[in-house]
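Let's walk through this model together, beginning with the whole chain and then stopping at a few places inside it. Please keep the structure open beside the text as you read.

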Amino acid sequence: MHFQFKSLLWVLNLFMVCFAAMEAMPTTLEGPFDPKTRRFDPSLRRGSTDLPLDDPRIRRNVTGSFPEQISLALSSPSSMWVSWVTGEAQIGKNVTELDPSSVGSEVWCGKGSGNYTTKKSGVSMVYSQLYPFEGLLNYTSGIIHHVRLEGLEPGTRYYYKCGDSSIPAMSEEHTFETLPLPGPNAYPRRIAFIGDLGLTHNSTTTIDHVTENDPSLVLMVGDLAYANQYRTTGGEGASCFSCAFPDAPIRESYQPRWDGWGRFMEPLISKVPMMVIEGNHEIEPQAAGVTFKSYLTRFAVPSEESGSESNFYYSFDAGGIHVIMLGAYVDYDRTSAQYAWLVKDLEKVNRDVTPWLVAAWHSPWYNSYSSHYQEFECMRQELEALLYQYKVDIVFSGHVHAYERMNRVYNYTLDPCGPVYITVGDGGNIEKVDVDHADDSGKCPKPSDNVPEIGPVCHLNFSSGPAKGKFCWDTQPEWSAFRESSFGHGILEVLNTTHALWTWHRNQDVFRDDVRGDQIYIVRQPESCNPIGQVIL
């Protein structure tokens with residue numbers, strides 16, 4: 001009885017501490033907030049160098065056909081993708097593809113260490129990145145394996161190995177924990193959001209910080225390895241690529257950086273599922289007009305499971321959260337396959353089961369930095385009304401290499417039922433942190449400065465509000481609640497059907513547990529912001 005009484009006191013004390021914290025911390029119900037800017041700290045460096053290929057975190061540390069670059073991805077509430085690479089990639093003028101059938105694709109899995117009650121087989125493939133131009137190098141990958149584990153129980157720890165037992169070449173044992181089933185009372189412990197990560201010394205700080213925060217799911221909002229930058233602004237960069245390689249009409253994407261990135265991420269994503277969406281640095285054009293080859297081959301995503309016919313857009317459930325991943329570099333207008341799929345996906349969402357509706361794509365619609373300003377205005381004009389109609393709660397993007405959180409907004413107007421848009425393109429890549437704002441004196445870009453690498457252009461002058469008739473605001477826009485030029489990542493902790501804690505962690509605070517770059521409770525108001533109306537076609 002005494003123990004039970006003490007336990008009850010502990011629970012009540014914890015509740016009061018959490019309640020007091022919630023009382024002290026701002027919530028979106030108090031918004032809209034006056035715009036706030038925290039300028040770049042000049043004592044910090046704006047960027048850092050790429051990790052060298054012989055760095056212990058990215059060099060190949062296995063032999064023969066033993067698995068490496070092991071990763072997880074959600075498939076369904078009861079299934080998980082396991083992916084890995086075997087064999088050595090080749091780079092040079094003449095390369096020969098490996099035979100995917102030469103190595104098996106097996107995963108052994110069970111609830112106890114060393115006790116594997118399930119054995120599944122999957123698929124394997126290779127890809128090549130070809131540049132038949134003087135001075136550029138061709139590449140062919142190792143063998144990439146994808147196996148889908150099915151029939152998993154929610155909230156359960158599993159132990160697994162992957163590889164080919166007939167060689168034998170099986171990996172060491174790894175573990176993962178499944179997420180809760182869709183439902184209004186169960187949510188992932190923490191979800192990490194990372195954008196524009198790259199493979200620099202700043203990237204290592206970001207991932208070390210993420211790992212320390214112990215997420216149960218990782219969302220990458222595009223621009224992952226920056227392989228296409230390595231021979232320009234990257235580690236072996238030429239200051240003028242067209243000068244160094246005058247016969248090359250396209251820029252070489254140095255694919256060994258993808259292998260290094262897979263090794264760099266393995267300690268985290270071999271135990272925590274990672275969901276990805278493409279960014280512009282995944283386009284990677286090669287000969288014959290081929291694009292996105294590495295992204296499409298290396299990552300398993302639940303496209304088929306969510307009714308999508310494309311790995312460029314898909315959705316999944318994470319407990320009581322429905323997450324929609326959209327493609328900014330494939331057709332998104334109202335006649336497109338992506339739009340038709342999005343309508344169907346939104347129609348199927350049951351907010352009694354998954355109260356929270358979160359969307360993510362690479363390029364932000366709301367952005368007050370000079371970099372990429374209004375670059376994806378066309379996408380906003382095509383899709384924003386649909387997302388607003390179905391009352392999407394939060395939208396995450398990257399692309400801009402800084403942090404920005406918006407007030408709730410719709411069509412550039414403050415709206416208590418609009419989503420909270422958050423930009424987290426500050427993962428640490430080689431291109432440095434963005435510091436200029438479009439409202440700074442002399443920093444308003446010309447419309448021709450920011451043009452999508454794929455897709456149309458729809459730049460506009462504002463038709464109402466303080467910036468009426470202008471392309472840029474003269475002060476920080478009212479829809480921009482907080483912005484700061486620092487590297488970092490975000491953590492979302494959904495607490496219940498209406499409250500979620502959002503925290504932005506800056507890299508410079510990695511050793512300071514008491515410091516947060518930004519923190520706020522995002523509060524849903526389903527009673528006043530119900531999804532209504534006809535589908536917009």
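Of the 537 residues in the protein chain, 57% count as buried, where buried means under 20% relative accessible area, with a 1.4 Å probe and protein chains only. Before going further, please note that this is a predicted model, in which local features need pLDDT of at least 70 and side-chain atom pairs count only at pLDDT 80 or more, while totals for chains, interfaces and linings use all residues. Residues are numbered from 1 along each chain as its sequence is written, and side-chain values use heavy atoms, leaving out hydrogens and water.

The protein chain has seven helices and 28 strands; these are DSSP runs numbered from the N terminus, with helices being H or I of at least four residues and strands E of at least two. Along the principal axes, its C-alpha atoms fill a box of roughly 75 × 60 × 50 Å. Among contacts (heavy atoms within 4.5 Å) with a separation of 6 or more, 74% are between residues 24 or more positions apart.

Now find Leu 326, in the loop between β18 (321-325) and α6 (337-348). Is Leu 326 buried or exposed? Leu 326 counts as buried because its relative accessibility is 1%. The C-alpha atoms of Leu 326 and Phe 312 are separated by 6.9 Å, with the two residues 14 apart along the chain.Next comes Ser 371, in the loop between β19 (356-360) and α7 (377-389). Apart from neighbours within four places in sequence, Ser 371 is in contact with Val 400, Asp 434 and Asn 450. The side chains of Ser 371 and Asp 434 are joined by a polar contact of 3.4 Å; such a contact is a pair of N or O atoms within 3.5 Å, where within protein one must be able to donate a hydrogen and the other to accept it, and residues adjacent in sequence count only if both atoms are side-chain atoms.

Finally, turn to the largest pocket, which is lined by 18 residues, with Asn 61, Val 62, Pro 67, Glu 68 and Glu 266 nearest its centre. α4 gives the most to this lining, with four residues.

Terms used:
1 Å grid on protein atoms, 1.4 Å probe; cavity = no way out; pocket = protein on both sides within 12 Å on 5 of 7 lines; lining within 4 Å. Buried < 20%, exposed > 50% of the residue type's maximum accessible area, 1.4 Å probe, protein only.
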